[in-house]
Structure formats: structure tokens, C-alpha cells
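Student: I've got a model open and I'd like to talk through its strands and charge pairs. Can we take it step by step?

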Amino acid sequence: MSLAIHCDHTELVEISQLVRNPRNPRKHPEDQIRLFARILQENGIRRPVRVSNRSGYITSGHGLTEALELLGETHAPVDRQDYANEAEELADLSADNRLAELAEDDEAQLIQLAEELLLMRSDHDPIASGYTETELADILALAEQGGEEEDPEPKPDPPSHGSLLDLIAKSAQIDADEIHDYTVKVTSQKPLVWKVERAKRVIKLMAG
């Protein structure tokens, strides 16, 4: 193989002999496979293709297999594993896909990582991180702007004190003017919650 292998594996297997799992719901678009191939060229192979001894199907590493094919490699490092039954094998296949989807980025750490990767680009191509130089620069630029861009559509103003009282009055089928008559002494210095609770008590008295 022309690529360095840095991971433990059971054996090297001809890629033509590896069988894709027909039950795998995850599909890999061409752009992703090309990026994967670039990463492999920079980093070498850091994880093996996982193959079931039970069925002979790949349970993890479909994308890796395709990227190796794109690079013209003929063999892949394989880790063969036992599964008690089909359910266990399918669960492992699904979990491998699902867990990656549930991960979240720590924005502060991502910004720091982007800065460090750009500073070290003379030692290592940033593409090995999965990001292009432009994408890393965009992360830093966005951070300098204070985060995500504002929503172009203005958000509606919160309801005013009067409209809250109107809603309360409407729910009790009482005219809002009557509510205001009973709350005329409520000043704007009082907490809004106090005003709403006072209005509710007024409604209860009037409805009783």
C-alpha cells in the first residue's frame, strides 16, 4: 500500500473482496469521498474497516473503502469482529452512523482549533482536518463578528402590559376597560408578574 497504516487491524484484505452491507442507510456523496481521500493522503489510515465474521458484511468503514478505491489502493486494513446474531450486527451498524450525528461542536474550542490549524499550515495541510483554509478563515471571521449573523426578519415585539391584560380579560369574557378601571393604581414600577396576578384576582372577583 502507498498509504501509511497507523491503526491496529486483523489483516489486509483486497478491496474487491470487501462486501458493502446492503442494509446500510448511510450514503456517501462524491464530495465527501474526495475529501476523505485527501485526508487519507495527509494523515494515512487511522482506523480499519470493520467486517462481521457472521455475515461477511462491512459494519463500519463504507466511506473509507470508497475513498481507498478512489485513490487506487487495492487493499484495506480490516478488523474482523464476531456478532451473536443479525440484530446485534445491525445495531452496531446503526449506532456507528447515529452517534456521529448526535455530536455537537463546542464553538469556543472550534474557534481555537481553527486558529491553530491555520498557524500550523506550513507543517500540515489544513485539509487534513476536514476543513479547507477558506472554511477555517470563515470560522474565525464569524467569531470576530460576534457569532452567527442576525436573522434578517425582525422578531415581533413582546406583548405590552396592556395587551396582556386584554388577553386575560378576553379569556374571562370581561371587557378590558373594566380591568383597567380596577388596575388603575398599578404603576409601571411594579413587576409585570405582579400586574398579571393582580389582573387575575380582579377577573375572579368580577366573575364571581
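Student: Which residue in S4 does Ser 52 stand opposite?

Tutor: Quick note before that: this is a predicted model, where local features need pLDDT of at least 70, side-chain atom pairs count only at pLDDT 80 or more, and totals for chains, interfaces and linings use all residues. Residues are numbered from 1 along each chain as its sequence is written, and side-chain values use heavy atoms, with hydrogens and water left out. Now, strands are DSSP E runs of at least two residues and helices are H or I runs of at least four, numbered from the N terminus; two strands pair if DSSP finds at least two bridges between them. S2 (residues 49–52) and S4 (residues 75–81) run parallel, joined by four bridges, and the S4 residue opposite Ser 52 is Gln 81.

Student: And in S3, what is the bridge partner of Val 51?

Tutor: S3 covers residues 58–60 and runs antiparallel to S2, with two bridges between them. In S3, Val 51 is partnered by Ile 58.

Student: Which residues of S2 point the other way from Val 49 and Val 51?

Tutor: In a regular strand, side chains alternate between the two faces of the sheet. All four residues here are buried, meaning under 20% relative accessible area, with exposed over 50% and partly exposed in between (1.4 Å probe, protein chains only). Val 49 and Val 51 go one way, and the other way go Arg 50 and Ser 52.

Student: With which side chain does Arg 50 meet in a salt bridge?

Tutor: A salt bridge here is a side-chain nitrogen of Lys or Arg within 4 Å of a carboxyl oxygen of Asp or Glu. Arg 50 counts as buried because its relative accessibility is 18%. Its salt-bridge partner, at 3.9 Å from N to O, is Asp 96. Arg 50 sits in strand S2 and the partner in helix H3, so the pair ties together parts 46 residues apart in sequence: that's Arg 50 with Asp 96.

Student: How far apart are the closest N and O atoms of Glu 86 and Arg 23?

Tutor: Glu 86 is partly exposed, at 41% relative accessibility. Glu 86 and Arg 23 form a salt bridge, and their closest N and O atoms are separated by 3.2 Å.

Student: Which residues does the network of salt bridges that share partners join?

Tutor: Arg 98 and Glu 101 lie three residues apart in helix H3, about one turn of the helix. Salt bridges with shared partners make one network of Arg 26, Arg 98 and Glu 101.
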